[in-house]
Amino acid sequence: TYVEKPAQDLAGRRVLISAGGTREPLDPVRFLGNRSSGKQGVALAEAARDRGASVTLVAANLEVAEPTGVSLTRVGSALELNQAMREAAGEADVIIMAAAVADYRPHSVREGKIKKQDVGDTLSLELVKNPDILAGLAQHRTPGQVIVGFAAETEADADRLLALGRDKIERKGCDFLVVNRVGWTQGFATDGNTILMLDHLGVIVQEASGSKISVANCILDVIA
Ligand code: CTP
Ligand code: CA
């Protein structure tokens with residue numbers, strides 16, 4: 001079948017995307033993680049590539065196949081993701097933070113495996129806050145750079161979801177925020193997604209529902 005080549009409306013643009021979920025090491029064999037599969041971020045990378053962009057993907061523990069035709073940097077933890085994003089940010093026209101970043105990491109990483117015998121019946125972990133990567137990138141943005149964040153929320157009420165999104169984009173200082181609802185059976189690791197996109201004033205500029213590749217293209221329509 002003949003498949004039409006998509007419009008090359010991102011030709012020559014350099015797009016930096018983070019995808020997946022970070023893992024925060026606890027000891028040599030364990031980590032604290034989250035349920036992000038990387039599907040939406042990878043779909044964004046593939047869609048941007050197909051629209052002519054030169055894409056750099058910073059991939060944190062993807063559970064989907066790595067895309068071809070993009071420059072790929074693999075990271076594990078939030079601190080590694082932060083470093084990779086900061087190193088690549090200067091050259092990017094567009095930055096999309098689709099990765100699910102752990103908000104906290106274990107205060108110290110044990111040299112050896114944590115043993116039950118040494119711990120007892122309850123184990124308390126001391127966690128420290130990770131840097132806010134998106135807010136940092138927005139703070140150090142280069143002129144004309146477009147910065148897009150994601151907000152995964154479990155809020156079921158549509159009005160309250162919108163209010164959370166508006167609060168969040170103000171805190172982050174990015175240009176657009178893609179808000180999606182997540183839950184036990186929604187958002188993560190699924191093939192479809194439902195999003196709305198806010199601009200920096202909190203105005204809804206896009207709403208999309210469908211496959212992650214079609215949602216990716218709706219997001220890129222706004223960015224383009
Ligand atoms: N993010 C980030 N660095 C962090 C935490 C989040 O860059 N340490 C980014 C995510 O990649 C996403 C956006 O910030 O693009 C929003 O993430 P989210 O977890 O929804 O927001 P938080 O600010 O962490 O607030 P909370 O989890 O408390 O709702
Ligand atoms: Ca968070």
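Me: Of the 224 residues of the protein chain, what percentage count as buried?

Reply: This is a predicted model, and in it 38% of the 224 residues of the protein chain count as buried. To read burial for one residue, we count the other C-beta atoms around its own, and 20 or more within 10 Å make the residue buried.

Me: How many helices and strands does the protein chain have, and what does its radius of gyration say about how compact it is?

Reply: The protein chain has six helices and 12 strands. Its radius of gyration is 18 Å, close to the 17 Å that the globule rule gives for 224 residues, so the chain is as compact as a globular protein of that length. If you look along the principal axes, the C-alpha trace spans about 60 × 40 × 40 Å.

Me: Which residues touch the most other members of the largest nonpolar core?

Reply: That core holds 56 residues, and I17, L44 and L81 are the ones that touch the most other members. Helix 1, which runs over residues 39-50, gives the most to this core, with six residues.

Me: How should I read a helix, and which residues of helix 2 are buried?

Reply: One can begin with its length and then ask which residues are buried and what they pack against. Helix 2, residues 78-89, has 12 residues and reaches 16 Å from its first C-alpha to its last, close to the 16 Å expected at 1.5 Å a residue. Its buried residues are A78, L81, N82, A84 and M85, and the elements that they pack against are strands 1, 2, 4, 5 and 7 together with helix 4.

Me: What do the buried residues of helix 6 pack against?

Reply: Helix 6 covers residues 212-223, and its 12 residues reach 16 Å from the first C-alpha to the last, close to the 16 Å expected at 1.5 Å a residue. The buried ones are K212, V215, A216, N217, I219, L220 and I223, and they pack against helix 1 and against strands 6, 9, 10, 11 and 12. V215 has 24 C-beta neighbours inside 10 Å, and therefore counts as buried. Apart from neighbours within four places in sequence, V215 is in contact with Q40, N193, I195, A208 and G210. V215 and S108, by comparison, are 107 residues apart in sequence and 39 Å apart in space, C-alpha to C-alpha.

Me: Where is L10 found, and is L10 buried or exposed?

Reply: L10 is found in the segment before strand 1, and L10 is buried, with 23 other C-beta atoms within 10 Å. Leaving aside neighbours within four places in sequence, its contacts are V15, A48, R51, G52, A53, L220 and A224. The C-alpha atoms of L10 and R49 are separated by 8.3 Å, although these residues are 39 apart along the chain.

Me: What is the phi of N61, and where does N61 lie?

Reply: N61 has a positive phi of about 55 degrees although it is not a glycine. N61 lies in the loop between strand 4 and strand 5, and counts as buried because 21 C-beta neighbours lie inside 10 Å.

Me: Finally, how many residues surround ligand 1, and which are the closest?

Reply: There are 14 residues around ligand 1, and the closest are M97, V101, I133, L134 and G149. The elements that give two or more residues to this shell are helix 4 (133-139) and strand 9 (146-153), and strand 9 gives the most, with four residues. By type, the shell divides into nine nonpolar, two polar and three charged residues.

Key
Residues numbered from 1 in each chain as written. Chains lettered and ligands numbered in written order. Predicted model: local features only at pLDDT ≥ 70, side-chain atom pairs only at ≥ 80, totals over all residues. Near = placed C-beta within 6 Å. Nonpolar A, V, L, I, M, F, W, Y, C, P; charged D, E, K, R; others polar. Core = buried A, V, L, I, M, F, W, Y, C linked by C-beta atoms within 7 Å. Buried ≥ 20, exposed ≤ 12 C-beta atoms within 10 Å, placed from the backbone. Expected span 1.5 Å × (residues − 1). Contact = placed C-beta atoms within 7 Å. Rg over C-alpha atoms; globule rule 2.2 N^0.38 Å.
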